[in-house]
Amino acid sequence: MTAALALDPAQQAMLDGRNGWPQQIAMRLLVAVARAFDAPRLIPVASVHLSLSGVSVGEPGRRLFEDLVARGGRFVVPTTLNVLSLDRSAAAPGDASGPPATQLAIAAACESLGGRPTYSCNPFLLDIVPARGESVAWNESATAPYVNGVLGARTNREGATALASALTGFTAEYGMHVASARRGGVAIEVDTPLDGADAFAVLGGAVGRACGARIPVVAGLRRTPTLDEFTAFCAALAAVSPVAMFHMVGITPEAPASLDRLGTAVRLDARALAAETARHSTATGERVDLVAVGCPHASLEQVHEVAALVGDAHVADGTRFVVQTSMFIAEAAARSGAAARLRAAGVELSADTCVHIAYRQAPPGSTMATNSLKIAYLTGSHDVGVRFGTLAQCVAAGVTGVWR
Amino acid sequence: MTTLRGIAIVTGTAEGEALVCRENLAFSLVDPRTGIVKQPGHPWHGRSIAGKVLVFPTGQGSSSGSYWLLNLGHEGHAPAAILNAQCDAVVVAGAVLADIPLVHRIEPDPFDRIQPGDRVRVRGADVDVTR
């Protein structure tokens, strides 16, 4: 049976339209979600991370965001903005119409509503870091395991519901906001040393495949992963499985003390991780047309690592090499000198966007190399060949034009 | 005619021909310009969902699916109504924004009682099925 949903007077006023249409439509949306999941109440959120890419929101979404601005809508909690479908700094004058104009209008509307112009899928490098126990509404699936697992804050994998939370400051109390739903359901034993973001991306894919819809509890890691390792792991996990949460024994804040009571553990050794790597390479030829790294958006350290690996070499003729990051990291890389070195080598340092969500896609029949398991996984459904490997392999492919 | 009853998440009235399957549907893999399902391997692959009463377990895939549902409505290819075993937040949000009647937890089991091609009328929480 449906639990009765109790709204407080402020929430009821929003639903009744006493504060205007933007909060009313947002509250209708949250109440519908609460009813669908038997949530007893709506709870406050401390922050929102909102997706707004033109590719997915489209022209009707633009109209929705612009209506919200015109009718007095306002984000009432701090709200960061996810990736766009273009790089604003590279937008051409001809982009004043068509899809680029739609994207720029959506971004402008979100900024008018009070959104922070982060335009990144890796907000952990930039802006708001939720505190343990805090409820938030974070869009962009890759952020959810980080918010829940690494930080011990609470979010479901949000869609347009995040927009409703930004406009009202509330979310429905269900799923990851309920303590009992955050417990682990399947044991994973890692039986090989792991080092670096590339290795943790592969682990995330293998764990996601093993856990299905159950929350994984990972044991056997020899140290706490770095921020870059965690974000790579979380993006891969969320790409391959629908979970919003994970635990690492002895490492993450809500992890159980051991794998006891979780049944037989799935064992992941070097061979299993090699198999996970191999399954994401779908291309057969050696030629590489596009190299894309920086998913999630590269940290400054990762940008520096690419520049060091490229060294004095130059990107091969006919190959495009893109490092994806936020405008903030790109500016930091300009100050450190890495951006100029990459430019001289023919590497594009791209801000605000990524090859998966950009209007400018890899053409059908081409081959893309990446060290991002998420991009490899998502591109697998297009007519684009994929070479998945380490950052070093990707850089080598970029400067030689072939995968080895 | 038989009448089934569920829980109305988006309340409304609609009527259409039923499409029924036991596979989850990703609205982000439905072409908004045509209403045709492009989800690889899906039983409705290549078919249009425009104007149909969709009966499927739950939504899956990209969280942007809410906006894709809004896009479908804007292009005139929205489904007439959605009947789920248990709806997910992406479909709920899309159905609210596009104003598409949405009912779930329907009894008796709609996967037994509704055949593809049946005429289905949704009135709030009530689902009338005519063969």
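**Chain contact, domains and a parallel sheet**

Reader: How many residues does the contact take from chain B and from chain A?

Author: The contact takes 24 residues from chain B and 23 residues from chain A. Two residues are in contact if their C-beta atoms, placed from the backbone, lie within 7 Å. This is a predicted model: local features need pLDDT of at least 70, side-chain atom pairs count only at pLDDT 80 or more, and totals for chains, interfaces and linings use all residues. Residues are numbered from 1 along each chain as its sequence is written, while chains are lettered from A and ligands numbered from 1 in the order in which they are written.

Reader: Which elements of chain B give two or more residues to the side that touches chain A?

Author: Strand S1 (2-10), helix H1 (65-74) and helix H2 (89-98) of chain B. Helices (H or I, at least four residues) and strands (E, at least two) are DSSP runs, numbered from the N terminus.

Reader: New topic. How is chain A divided?

Author: Into domain 1 (9-179), domain 2 (183-279) and domain 3 (290-400). The bounds come from an automatic or database domain assignment. The centres of domain 1 and domain 2 of chain A, taken over C-alpha atoms, are 28 Å apart.

Reader: And what order do the 5 strands of the open sheet in chain A take?

Author: S12-S11-S10-S13-S14, with parallel pairing. Two strands pair if DSSP finds at least two bridges between them. Strand S12 (348-351) and strand S14 (385-388) of chain A are the edges.

Reader: How many bridges join S10 to S11 in chain A?

Author: 4 bridges, linking residues 290-293 with residues 320-325. There, A:Val293 stands opposite A:Val323.
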